[in-house]
Amino acid sequence: MRRITTTSYPFFGLDSSFSAKPGNSFPLFNVVDIDETRFAIEFAVAGYSREELSVTQEGNYLVVSGTKEKSEDKKYFFKGIAERNFERKIPLRQDSEISNARLENGILEVTLTIKEENKKSIQIG
């Protein structure tokens, strides 16, 4: 297993993005190290359909949002599962980009790829 450092992570601002501040803790997520150039973020979004979720990259931010309409057709004795809209922004390194997103069993997995730096050599004249 390779050692993960803050320079190998595809994120900026680890402390502020990974904290559970009020209003910024939903949905919960994991960061998975796939290989040298890929990471995945797994978001816990049980109850949301593909049509209710959005994954975008806005500049250097991964933005995951969900829109959930409140269910008025059911009468509840107790309601512990939240139906709410959310938006979660996670800062990314400039050289990372979204390469895939999939929803399976209530987990939204967003794969990020670290682009190779453009290397150019020139001949000295």
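**Rings, charges and one serine in a predicted model**

The charged end of lysine 68 lies over the ring of tyrosine 48, at 5.4 Å from the ring centre. The model discussed here is predicted.

Q: Which residue does lysine 68 meet in a salt bridge?
A: The partner is glutamate 52, with 3.2 Å from N to O between the two side chains.

Q: Where do glutamate 52 and lysine 68 lie in the chain?
A: Glutamate 52 is in the loop between β2 and β3 (53-58), and lysine 68 is in the loop between β4 and β5. The pair therefore ties together parts that are 16 residues apart in sequence.

Q: Is lysine 68 buried or exposed?
A: Lysine 68 is buried, with a relative accessible area of 19%. Glutamate 52 counts as partly exposed, at 23% relative accessibility.

Q: Turning to serine 65, which strand holds it?
A: Serine 65 is in strand β4, which covers residues 61-66. Serine 65 is buried as well, at 19% relative accessible area.

Q: Which residues is serine 65 in contact with, leaving aside neighbours within four places in sequence?
A: The contacts are Glu52, Leu53, Ser54, Phe86 and Glu87. Glu52 is also the salt-bridge partner of lysine 68.

Q: How many residues separate serine 65 and glutamate 87 in sequence?
A: They are 22 residues apart in sequence, while their C-alpha atoms are 4.1 Å apart in space.

Q: Now the aromatics: how many aromatic pairs does the whole structure have?
A: A search finds three aromatic pairs. One of them joins phenylalanine 26 and phenylalanine 86 edge-to-face, with 5.4 Å centre to centre and 85 degrees between the planes.

Q: Which parts of the chain does that pair link?
A: Phenylalanine 26 is in the loop between α1 (14-17) and β1 (29-35), and phenylalanine 86 is in strand β5 (residues 86-91). These are distant parts of the chain, 60 residues apart.

Q: What is the relative accessibility of phenylalanine 86?
A: Phenylalanine 86 is at 9% and counts as buried. Phenylalanine 26 is partly exposed, with 24% relative accessible area.

Q: What about the rings of phenylalanine 29 and phenylalanine 43?
A: Their centres are 5.6 Å apart and their planes are at 45 degrees, so the pair is tilted. Phenylalanine 29 lies in strand β1 and phenylalanine 43 in strand β2 (residues 38-44), so this pair ties together parts that are 14 residues apart in sequence. Phenylalanine 29 is buried at 18%, and phenylalanine 43 is buried at 0%.

Q: Which residues form an aromatic cluster?
A: Phe26, Tyr48 and Phe86 form one cluster. Tyr48 is also the ring under the charged end of lysine 68.

Q: Which ring does lysine 79 lie over?
A: Lysine 79 lies over the face of tyrosine 76, at 4.7 Å from the ring centre.

Q: Back to salt bridges: how many are there in the whole structure?
A: A search finds five. Among them is arginine 38 with aspartate 35, whose closest N and O atoms are 2.9 Å apart. Both residues are partly exposed, arginine 38 at 33% and aspartate 35 at 28%.

Q: Which residue forms a salt bridge with arginine 93?
A: Aspartate 95 does, with the closest N and O atoms 2.7 Å apart. Arginine 93 is buried, with a relative accessible area of 15%. Elsewhere, salt bridges that share partners join Arg102, Glu104 and Glu109 into one network.

Definitions and conventions
Residues are numbered from 1 along each chain as its sequence is written. This is a predicted model: local features need pLDDT of at least 70, side-chain atom pairs count only at pLDDT 80 or more; totals for chains, interfaces and linings use all residues. Side-chain values use heavy atoms; hydrogens and water are left out. Helices (H or I, at least four residues) and strands (E, at least two) are DSSP runs, numbered from the N terminus. Buried means under 20% relative accessible area, exposed over 50%, partly exposed in between (1.4 Å probe, protein chains only). Contact means heavy atoms within 4.5 Å. Rings of Phe, Tyr and Trp (its six-membered ring) pair if their centres lie within 6.5 Å; planes under 30 degrees apart count as stacked, over 60 as edge-to-face and the rest as tilted. A charge sits over a ring if NZ of Lys or CZ of Arg is within 6 Å of the ring centre and within 35 degrees of the ring normal. A salt bridge is a side-chain nitrogen of Lys or Arg within 4 Å of a carboxyl oxygen of Asp or Glu.
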